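Please look through the sequence and the model below before reading on.

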Amino acid sequence: MRDLEDDPFPSTPGKVKIERAYAVNRQFNRCFASTSTTFLWALFLVALIASFLSFQSFVDTSSRYFTASWGGIQWEKQVRTSAQIDRPGGISVLVTGAAGFVGSHVAVNLKKRGDGVVGLDNFNSYYDPSLKKARKARLANNGIFVVEGDVNDARLLAKLFDVVAFTHVMHLAAQAGVRYAIENPSSYVHSNIAALVTLLEACKSANPQPAVVWASSSSVYGLNEKVPFSETDKTDRPASLYAATKKAGEEITHAYNHIYGLSITGLRFFTVYGPWGRPDMAYFSFTRNILQGKPITVYRGKDRVDLARDFTYIDDIVKGCVASLDTSGKSTGSGGKKREPAPYRIYNLGNTQPVTVPTLVSILEKHLKLKAKKNIVEMPGNGDVPFTHANISHAQKDLGYKPSTDLQTGLKKFVKWYVSYHGYQREVGRKL
Ligand SMILES: O=C(O)[C@H]1O[C@H](OP(=O)(O)OP(=O)(O)OC[C@H]2O[C@@H](n3ccc(=O)[nH]c3=O)[C@H](O)[C@@H]2O)[C@H](O)[C@@H](O)[C@H]1O
């Protein structure tokens with residue numbers, strides 16, 4: 001049976017009117033009731049979304065504020081104190097990559113002779129950041145404050161130059177490692193190109209402009225076969241993306257020298273090793289594996305030729321870095337304009353005594369008093385070059401650079417540090 005409400009034209013007129021009016025009213029009420037409920041729900045939802053969004057932005061803003069690892073009165077005080085110069089004629093140096101291998105050594109050396117030093121490091125996880133934290137602690141013990149931040153952070157750099165009129169920048173922050181570029185190419189662009197440009201922009205705008213000394217690499221010689229490698233040799237055949245970004249760095253710094261009058265010194269480091277070194281490098285990972293009784297992989301070149309490197313001890317490299325800072329000459333620009341030409345220099349910092357990788361292994365075996373389990377494999381085509389050998393005559397003449405530690409002596413010092421840092425009993429090669 002059909003209901004009145006279902007019938008638009010019922011047969012009883014009076015009833016119709018009343019019933020219909022009633023029905024229409026009921027329909028209207030129901031409709032109104034449902035519309036207003038919907039409206040209220042919608043209103044409620046809008047309010048909910050709005051409050052959620054504003055809460056989100058509050059969280060974003062406040063987390064940005066609260067998690068920022070730099071800024072504030074206390075922070076500025078630490079930066080200023082660390083940058084304080086304690087000797088007549090001293091310099092104030094911003095050391096990027098200060099928690100890194102070379103950076104931490106250079107920073108300590110400068111501080112010890114009375115220069116002002118502020119470190120900057122992003123503590124990335126390319127290798128175990130706990131080693132970087134340990135280096136940071138060592139720097140703190142020497143009165144050096146390391147700012148936690150990325151060189152790509154232009155605001156941070158501007159702030160640092162605002163707080164301290166750095167006379168020099170020692171730029172050692174980089175994505176290191178030749179073979180890792182196959183796995184993570186963009187990290188090389190981020191750290192070796194983008195960050196370099198951000199840093200140079202900050203330096204060019206600073207008043208006074210600092211002189212810049214930075215780490216290039218022996219890898220720029222790429223596929224060159226003429227030995228020893230000289231700064232006047234061509235460097236247009238890189239064998240890895242790492243090498244290509246270092247080569248790009250040399251060109252980029254040249255442009256900033258040319259346009260803005262920044263004093264630039266690029267240092268081509270040759271396979272630097274020593275205490276507090278980088279765990280990704282062969283001498284370091286070989287030591288770890290030999291001590292743990294694990295095999296090591298030794299690469300060999302074409303026709304079974306051993307690979308060779310001009311391994312250079314860290315103390316010699318530090319001397320080269322410090323001499324570069326001391327002889328850098330001044331930047332000549334101000335307000336973004338060059339007044340006159342500024343120095344642009346590039347030096348090899350090597351040892352001039354290449355040693356083969358199997359010889360490196362046998363020296364380690366001797367110092368560790370343990371035999372390595374060797375897997376000898378053909379060098380994979382992932383960016384390695386067969387040999388490196390530095391001609392250091394330019395550095396000798398201009399910087400007084402004279403490396404004095406051979407691989408035997410340097411590795412002995414490294415092994416001594418390694419076993420003590422990692423808690424090994426040297427004699428038996430067992431962990432304590
Ligand atoms: O001078 C540089 O500009 C570069 O030096 C360093 O690169 P490299 O000279 O390649 O050092 P490193 O990795 O210690 O390999 C040494 C040798 O061991 C061989 N090697 C390596 C690993 C392995 O498992 N087996 C092996 O035989 C390997 O084939 C090679 O023959 C820095 O890492 C780099 O950041 C950059 O600064």
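A residue is called buried if 20 or more other C-beta atoms lie within 10 Å of its own, exposed if 12 or fewer do, and partly exposed in between, with the C-beta atoms placed from the backbone. Valine 102 has 26 C-beta neighbours inside 10 Å, and therefore counts as buried. Before going further, note that this is a predicted model, in which local features need pLDDT of at least 70 and side-chain atom pairs count only at pLDDT 80 or more, while totals for chains, interfaces and linings use all residues. Residues are numbered from 1 along each chain as its sequence is written.

Valine 102 has its place in helix H3 (residues 101-112), where helices (H or I, at least four residues) and strands (E, at least two) are DSSP runs numbered from the N terminus. Two residues are in contact if their C-beta atoms, placed from the backbone, lie within 7 Å. Leaving aside residues up to four places away in sequence, valine 102 touches Leu172, Ala215, Val272, Ile314 and Ile317. Valine 102 and alanine 173 are 71 residues apart in sequence, and their C-alpha atoms are 9.5 Å apart in space.

For the protein chain as a whole, contacts between residues at least 6 apart in sequence join residues at least 24 apart in 81% of cases. The protein chain has 12 helices and 17 strands, and 40% of its 432 residues count as buried.

The UniProt record, an unreviewed entry, places the feature "domain: NAD-dependent epimerase/dehydratase" at residues 93-328; UniProt positions are given in the numbering used here, feature names are shortened, and annotations may be inferred rather than shown by experiment. Over residues 93-328 the chain is 42% helix and 18% strand, with the end C-alpha atoms 13 Å apart.

**The parallel sheet**

Strands of a sheet pair through backbone hydrogen bonds, either parallel or antiparallel. Here two strands are said to pair if DSSP finds at least two bridges between them. In this model seven strands form an open sheet with parallel pairing, in the order S3-S2-S1-S4-S5-S6-S13. Strand S3 (145-148) and strand S13 (344-349) are the edge strands, each pairing on one side only. From one strand to the next, the twist averages 20°.

Strand S1 (residues 92-96) and strand S4 (residues 168-171) run parallel and are joined by four bridges, and the bridge partner of valine 93 in S4 is histidine 168. S5 and S6 also pair in the parallel sense, over six bridges, with alanine 215 standing opposite leucine 267 in S6.

How many of the six residues of S6 are buried? Six of the six are, so S6 is largely enclosed by the rest of the structure. In a regular strand the side chains alternate between the two faces of the sheet. In S6, Ile264, Gly266 and Arg268 point one way while Thr265, Leu267 and Phe269 point the other way. Helix H7 lies across S5, strand S6 (264-269) and S13, and runs at about 160° to S5, where axes are lines fitted to C-alpha atoms, for helices over the stretch in contact, and angles run from 0 to 180 degrees between N-to-C directions.

**Backbone details in loops**

| Residues joined | Peptide bond | Omega |
|---|---|---|
| asparagine 207 and proline 208 | cis | about 5° |
| valine 227 and proline 228 | cis | near -10° |

Proline 208 lies in the loop between helix H6 (185-205) and strand S5 (211-217), whereas proline 228 lies in the loop between S5 and helix H7 (241-260).

Phenylalanine 123 has a positive phi of about 50° although it is not a glycine, and this residue sits in the loop between strand S2 (116-121) and helix H4 (129-141). Because phenylalanine 123 has 17 C-beta neighbours inside 10 Å, it counts as partly exposed. Tryptophan 276, also not a glycine, has a positive phi near 65° and is found in the loop between strand S7 (272-273) and helix H8 (282-292). With 20 C-beta neighbours inside 10 Å, tryptophan 276 counts as buried.

**Around the ligand**

Which residues are the closest to the ligand? They are Ala176, Ser217, Met281, Ala282 and Tyr299, among the 19 residues that surround the ligand, a residue being near a molecule if its C-beta atom, placed from the backbone, lies within 6 Å of it. Strand S8 (residues 295-300) gives the largest share of this shell, three residues.
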